[in-house]
Structure formats: structure tokens, C-alpha cells
Amino acid sequence: WALHRGGAVFIEDAEGVHVDKCEFTMLDGNALFLSGRTRNVTISNSSFAYIGDNAMAAWGYTDALTTSSPRDNLPEGTGIDGRAGRQPRYTRVLSNIVREIGLNERQSSAWSEAKACLSEVRGNLFFNMPRAAINKVGTYVLQFDPLVAC
């Protein structure tokens, strides 16, 4: 399984971005991608249909812990140390409709989050996709309303 760090709309190192009432249709890869340090991004009232990969994804960077062992020296942007804050935080995914995604990548989701935290996913309608509507990797806080994530 792999995640392409890119999308039709690619947001990196930004604050206070609001994507509202947008239509994402017939895209081959990820529709919207949050990369690195983003804060207070809101994705709302938008529709995603016939998307090749993920509708929306958030993926930050972490650092390796400094040790004396060569086996613990990891590539830049990997590891378990997120203290530098280079991750999407306080993202709001509100009242979107996502359908017919994963046409190219069967491991795709409506909302995919890895190395990100403090996300709020509420009031969305997710259906007709090949796997989990919400994919969260890690031990971070994800708040969502399970009654509307179908």
C-alpha cells in the first residue's frame, strides 16, 4: 500500500485555507491533499465523484529519534517524533458528499489521514467506495460523527 503525496488541489505549509462548495469530478489521483504543516484547513460543502484515488488526504512529516544505532537512522520525514509540528492539525471536513472513488487505487478512502492529528470529520455522506470511508493511521485524535459516515 502506498500514498501519492499529491492531488488536484495540493495544500502544503498553509494556514486558514477554506475549500467550500467545490466540485471534484473525474480525477485520476487524489482530489485534495494536505501535506506537511497545515493548520485550520476547512473542507466543506463540496462534492467528490469518480476519483481515482482518495477524495481527501492529509499526510505530515515526522522525525527519527536521535540514537546511536545505525538501524534507527531513518530517511528525512519519517520516524516517530512529531514534536516539530510538521503535520496537518485542526483540519475540519464538514458536510461533503463523496462517492465512486478508488477507481485506480483500491486502498483509497473518502478521508485518509496519516501523520496528522486533531481532525474533525462531521456531517459528511460517504458511499460507493472500495474500502473504509475513513482511514486513520496512527494514534492521533480523530473526531467524527459515525451516523453519517456510510
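This passage describes the fold, the packing and selected residues of a predicted model of one protein chain.

Residues are numbered from 1 along each chain as its sequence is written, and side-chain values use heavy atoms, with hydrogens and water left out. In this predicted model, local features need a pLDDT of at least 70 and side-chain atom pairs count only at pLDDT 80 or more, whereas totals for chains, interfaces and linings use all residues.

The average pLDDT (the predictor's confidence in each residue, from 0 to 100) of the chain is 86, and 85% of the residues score at least 70. Over residues 139–150 the pLDDT is below 50, and this stretch has 33 contacts in the model beyond near neighbours in sequence. A contact means heavy atoms within 4.5 Å. Where pLDDT is low, the predicted coordinates should not be read in detail.

The chain contains zero helices and 14 strands. Of the contacts between residues at least 6 apart in sequence, 67% join residues at least 24 apart. Buried residues make up 43% of the 150 residues in the chain. Here, buried means under 20% relative accessible area, exposed means over 50%, and partly exposed lies in between, with a 1.4 Å probe and protein chains only.

The largest nonpolar core holds 25 residues. Such a core is a set of buried Ala, Val, Leu, Ile, Met, Phe, Trp, Tyr and Cys residues joined through side-chain atoms within 4.5 Å. The members that touch the most other members are Leu-32, Ile-43, Phe-48, Met-56, Val-98, Trp-111 and Phe-126. Two or more residues are given to this core by each of β1, β4, β6, β7 (56–59) and β9 (97–101). Leaving aside neighbours within four places in sequence, Leu-32 is in contact with Val-9, Val-19, Phe-24, Ile-43, Phe-48, Ala-55, Met-56 and Ala-57. In soluble globular proteins, nonpolar side chains tend to be buried together.

Two aromatic pairs are present in the structure. Rings of Phe, Tyr and Trp (its six-membered ring) pair if their centres lie within 6.5 Å; planes under 30 degrees apart count as stacked, over 60 as edge-to-face and the rest as tilted. The ring centres of Phe-10 and Phe-33 are 5.9 Å apart and their planes are at 15°, so this pair is stacked. Phe-10 belongs to strand β1 (residues 9–15) and Phe-33 to strand β4 (residues 32–39), so that the pair links distant parts of the chain, 23 residues apart. Phe-10 is partly exposed at 36% relative accessibility, while Phe-33 is buried at 0%. The rings of Phe-24 and Phe-48 are also a stacked pair, because their centres lie 4.6 Å apart and their planes are at 0°. This pair joins strand β3 (residues 23–27), which holds Phe-24, to strand β6 (residues 47–51), which holds Phe-48, across 24 residues. Phe-24 is buried, with a relative accessible area of 7%, and Phe-48 is buried at 1%.

A further ring is involved with a charged group. The charged end of Arg-5 sits over the ring of Trp-59, 4.0 Å from its centre. This description applies if NZ of Lys or CZ of Arg is within 6 Å of the ring centre and within 35 degrees of the ring normal.

Strand β8 (residues 92–94) pairs with β11 in the parallel sense over three bridges. Two strands pair if DSSP finds at least two bridges between them. Glu-120 in β11 is the bridge partner of Arg-92. In β11 (residues 119–122), Ser-119 and Val-121 form a covered face, and Glu-120 and Arg-122 an uncovered one. In a regular strand the side chains alternate between the two faces of the sheet.

Several loop residues were also examined. Lys-21, in the loop between β2 (18–20) and β3, has a positive phi of about 55° although it is not a glycine. Lys-21 is exposed, at 66% relative accessibility. Lys-115 lies in the loop between β10 (111–114) and β11 and has a positive phi of about 55°, again without being a glycine. Lys-115 counts as buried, at 18% relative accessibility. Gly-82 is placed in the loop between β7 and β8 and is partly exposed, with a relative accessible area of 21%. Not counting residues up to four places away in sequence, Gly-82 touches Thr-62, Gln-87 and Arg-89.

Terms used: Helix = DSSP H or I, 4+ residues; strand = E, 2+ residues; numbered from the N terminus.
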